[in-house]
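Please look through this two-chain model with me. My notes follow as numbered points, to be read with the structure open.

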Amino acid sequence: MSPRQWLTAYLAAVVAVSFLQDPHWLAAGLVLAITLSGRRRWVLLRRTLLSVLVFNSAVSLGYLLIASGRGGFSGDYLLRVNLRVVLLVFLGLWFVSRVNLAAAVSFSPNLSFVVTLAVGQIQAFKCVLRDFRLAFISRNPDRPALTDRTHHAAAQGQNLLEKSVHSASEVAMAMRSRGCFDD
Amino acid sequence: MHIPDGFIAPQVYLPAYALAAGAWWWAARDLREGLEQEQVPRLAVLTALAYAVGLVMVPVPGGTSGHVLGVALLALIFGPRLAFLAYSLVLLLQSLLFGAGGITALPVNALAMGLIGSFSALGIFRLLRGSNESLAVVAAAWGSVVLSALAVALVLGIQPAIAHQTDGTPLYFPFGLTITLPAVILPHLIIGAGEAVLTLFVWRFAKSRKWVPG
């Protein structure tokens with residue numbers, strides 16, 4: 001399947017899942033998606049569960065308390081909403097693990113331009129932040145005082161922006177030299 | 001304040017997609033022609049910054065999350081059109097890469113945080129700029145967070161009324177406006193202060209590098 005076909009299939013699946021109300025169908029959809037997702041299925045499922053855990057727990061617990069207090073508790077509701085959320089998030093993570101996002105949106109030059117820039121910048125940010133964190137740890141064997149940490153964070157923030165602008169300028173120049181700004 | 005995936009009824013998110021599509025088309029018109037060469041890396045950096053700060057989330061009892069947006073900063077430096085577009089991209093990437101927010105919630109999140117957030121920030125800033133610029137930046141950032149939170153709370157709170165079974169059991173988000181309004185807005189009154197500090201810090205940095213339009 002081409003990236004564009006993946007995108008179409010993913011979006012169609014998302015809309016279909018959002019209309020499903022029967023927990024059995026939602027569970028069947030989740031089992032099907034897990035089965036089809038290949039060797040990375042358990043990694044994807046783990047990431048899915050971790051990303052929904054906190055928010056779904058908050059909503060489920062809140063519903064349990066409020067609906068029980070009012071006498072309108074429905075176990076079906078909890079099952080339905082949690083299965084739907086897990087299935088939707090799993091589909092999203094599966095889609096991204098299989099498809100290059102920039103290739104999937106290549107039908108729009110504007111969109112692929114912005115996606116390429118932003119994704120590249122996010123990767124650069126992650127590297128810079130990791131370097132800063134490691135440098136800070138290596139230079140401070142003892143825990144520094146709050147004032148020192150505040151000053152350090154402010155200086156790091158400024159340096160981070162400078163460094164990021166520099167790396168983004170390089171990315172933009174590289175894109176320009178390859179004709180990305182031309183129609 | 002991302003609305004998670006699966007909590008918005010199709011009766012809401014499909015029309016929201018139609019509305020957001022119009023707004024995205026309007027915002028993306030003449031994007032590459034209008035974007036000056038030196039703006040591109042700055043936009044990429046501040047979009048990535050908004051992405052990074054938005055991932056530090058705490059769940060709030062109303063079923064959404066509390067976090068700094070960064071959209072006011074984008075709006076003050078690049079204008080509301082680019083800010084809306086850039087923030088929509090942030091939301092898309094957060095949902096696909098981290099499962100934060102979601103594809104069904106994307107148009108509502110984008111309209112609430114990206115569009116309302118950027119226009120309210122710019123409006124407040126222009127209103128107060130004459131008296132004190134730093135105060136205007138702080139108020140713009142705080143106001144954009146609180147107004148975005150209000151929009152999110154309203155959309156979430158109407159879900160049980162829009163989509164429910166005959167016995168009243170909700171099909172999507174379970175809490176009504178009496179719960180979502182205080183639960184979402186009150187934490188964001190405090191989160192808005194964090195947004196204001198971050199925005200002022202980066203605003204001063206941007207001003208010192210002459211990134212800010214006159």
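**Notes on the model**

1. Start with the layout of chain A. The centres of domain 1 and domain 2 of chain A, taken over C-alpha atoms, are separated by 33 Å. Domain 1 covers residues 3–103 and domain 2 covers residues 108–177, according to the domain assignment.

2. Next, confidence. This is a predicted model. Chain A has a mean pLDDT of 83, with 95% of its residues at 70 or more. For chain B the mean pLDDT is 86, and 90% of the residues reach 70 or more. The complex as a whole gets an ipTM of 0.82 and a pTM of 0.84 from the predictor.

3. Which elements of chain A have the lowest and the highest mean pLDDT? The lowest is helix H7 of chain A (residues 146–177), at 73. The highest is helix H2 of chain A (residues 23–36), at 96.

4. Now helix H3 of chain A, residues 41–70. This helix bends by about 50 degrees at Leu53(A). Several of its residues are buried, including Val52(A), Phe55(A) and Asn56(A). The buried list also holds Leu44(A), Thr48(A) and Ser51(A), as well as Ala58(A), Val59(A) and Tyr63(A). An α-helix has 3.6 residues a turn, so residues three or four places apart point the same way. Check the buried positions of H3(A) with that in mind. After H3(A) comes Gly71(A), with a positive phi near 80 degrees.

5. One is His151(A); another is His166(A). Are they buried or exposed? His151(A) is exposed, because 12 other C-beta atoms lie within 10 Å, and a residue counts as exposed at 12 or fewer. His166(A) also has 12 C-beta neighbours inside 10 Å, so His166(A) counts as exposed. Distances place them against other parts of the chain. His151(A) and Ala58(A) are 93 residues apart along the chain, and their C-alpha atoms are separated by 36 Å. His166(A) and Arg70(A) are 96 residues apart in sequence and 58 Å apart in space, C-alpha to C-alpha.

6. Turn to chain B. Its secondary structure comes to nine helices and two strands. Along the sequence the pattern reads α-α-α-β-β-α-α-α-α-α-α. Of the 214 residues in chain B, 60% are buried. Take the contacts in chain B with a separation of 6 or more: residues 24 or more positions apart account for 74% of them.

7. The largest nonpolar core has 117 residues. Members that touch the most others come from both chains: Leu87(A) and Phe90(A), together with Val71(B), Leu74(B), Leu76(B), Tyr87(B) and Val152(B). At least three residues of this core come from each of domain 1 and domain 2 of chain A. Beyond its neighbours within four places in sequence, Leu76(B) is in contact with Ala121(B), Leu122(B), Phe125(B), Val137(B), Ala140(B) and Trp203(B).

8. Finish with Thr104(B), in the loop between H5 and helix H6 (106–128) of chain B. Why does Thr104(B) count as buried? Because Thr104(B) has 29 C-beta neighbours inside 10 Å, and 20 or more make a residue buried. Leaving out residues up to four places away in sequence, Thr104(B) touches Val14(A), Ser18(A) and Leu88(A) in chain A, and Asp5(B), Gly6(B), Ile8(B) and Tyr13(B) in chain B. Thr104(B) and His164(B) are 60 residues apart in sequence and 18 Å apart in space, C-alpha to C-alpha.

Methods:
Residues numbered from 1 in each chain as written. Chains lettered and ligands numbered in written order. Predicted model: local features only at pLDDT ≥ 70, side-chain atom pairs only at ≥ 80, totals over all residues. pLDDT = per-residue confidence, 0-100. Helix = DSSP H or I, 4+ residues; strand = E, 2+ residues; numbered from the N terminus. Core = buried A, V, L, I, M, F, W, Y, C linked by C-beta atoms within 7 Å. Domains from an automatic or database assignment. Contact = placed C-beta atoms within 7 Å. Bend = angle between axes of the 7 residues up to and from the residue.
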